[in-house]
Each structure stands twice: as structure tokens, then as C-alpha cells.
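Trainee: I would like to go through a protein structure with you. Could we start with how its strands are paired?

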Amino acid sequence: MSEHSRYISRTIELANHAMDKGNHPFGALLVHDDKVLLEAENTVISENDATRHAELNLVSHASHQLASDVLQECTLYTSTEPCAMCAGAIYWAGIRRVVYGGSAEVLRQIAGPGIGLSGQDVFSACHQPVELIGPVADELSNEALLRHWPHPS
């Protein structure tokens, strides 16, 4: 299992925990120097707040707990390519590397259309570069999504 796959597997575990709590199947974690600093999962349903995506929960906690120079050295791992909202938050927090499991295209096929911008679109438009790596372990990530949305739109 590659370095990235190990962390993506953990994001999928977090996504499954989110599902067990009635939320959407997404998880994220923040890694610095091969150490997991923070983890988060989607809480959109349980908090009745459309902005509580796993990545936004993680970025919010990270911004309160870590210095900006540390955030710039971190890698954010997420179970699925970040949406436009989360990509913007990741950029503004100063995180410059993102690794994702499942692609936004697969999510759109399963959950239906949303905002017509991917995380890659947002990161490509940013003044400071954000490295985006993925999909990594796409099949595992897609399986978590399919458990939640068994009937494609």
C-alpha cells in the first residue's frame, strides 16, 4: 500500500463513520511530517448545516489550532475530490497540497450535478499553487459513495 493509499484508507474509514451517524460519506485528515494531526468527517445532516463538509470541518479546526507556516507544509487527504466550496477554504487556509481518493466525476454520476466547478478548477484559478493528487484508491472511495447512494442519478 502506497503512502497516499494508507491515508486515503483512513479517510474512507472516517467517511464510513460519518455514514453510520446519518451523514454523507466523506472524511478528511491533515498530515504533517508523516503524522496525522487532525481528522474530520462530514456532519452536514447531524448539524443541519450544508457547509459542514469533511474538508471544511478539518480546515476550520486546523486554522484554529495550527500556525499558517505549519499549514503550508501539510497535506490534506480527503476521500473524494474537494468541491468548489471546500477547495476555496483549503486555499484560503494556506494548505498547498491535497490528495483525494475518489473523483468528483464519479460523485456527480452518483449524487447528481452540483456546482459546475471541480476542486481542480478552483485550484487552477488560484494565485498561489495548490498541488492536487488523485484519484488515489478510487475503487475504495467509490465503494463508500455507492453504499450511501445506491441508485445513480
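This is a predicted model: local features need pLDDT of at least 70, side-chain atom pairs count only at pLDDT 80 or more; totals for chains, interfaces and linings use all residues.

Trainee: Which residue in S3 is the bridge partner of Leu-30?

Mentor: The bridge partner of Leu-30 is Leu-76.

Trainee: And what holds paired strands together in general?

Mentor: Strands of a sheet pair through backbone hydrogen bonds, and the pairing is either parallel or antiparallel.

Trainee: In what order do the strands of the sheet lie?

Mentor: The order is S2-S1-S3-S4-S5, and these 5 strands form an open sheet with mixed pairing. Strands S2 (35–41) and S5 (131–133) stand at the edges; each has a single partner strand, so one side of each is left without a neighbour in the sheet. From one strand to the next, the twist averages 20°.

Trainee: Which strands does helix H2 touch?

Mentor: Helix H2, residues 54–65, packs on the sheet and touches S1, S2 and S3. The direction of H2 makes about 130° with that of S2.

Trainee: Turning to the whole chain, how many helices and strands are there?

Mentor: The protein chain has 7 helices and 5 strands. Starting at the N terminus, the elements run α-β-β-α-α-β-α-β-α-α-β-α.

Trainee: What share of the residues counts as buried?

Mentor: Of the 153 residues in the protein chain, 50% count as buried. The chain exposes about 7,500 Å², and carbon and sulfur atoms supply 52% of that area.

Trainee: What about contacts between residues at least 6 apart in sequence?

Mentor: Among those contacts, 64% join residues at least 24 apart.

Conventions
Residues are numbered from 1 along each chain as its sequence is written. Side-chain values use heavy atoms; hydrogens and water are left out. Two strands pair if DSSP finds at least two bridges between them. Helices (H or I, at least four residues) and strands (E, at least two) are DSSP runs, numbered from the N terminus. Axes are lines fitted to C-alpha atoms, for helices over the stretch in contact, and angles run from 0 to 180 degrees between N-to-C directions. Contact means heavy atoms within 4.5 Å. Buried means under 20% relative accessible area, exposed over 50%, partly exposed in between (1.4 Å probe, protein chains only). Accessible areas come from the Shrake-Rupley method with a 1.4 Å probe; for residues, only the protein chains shown count as cover.
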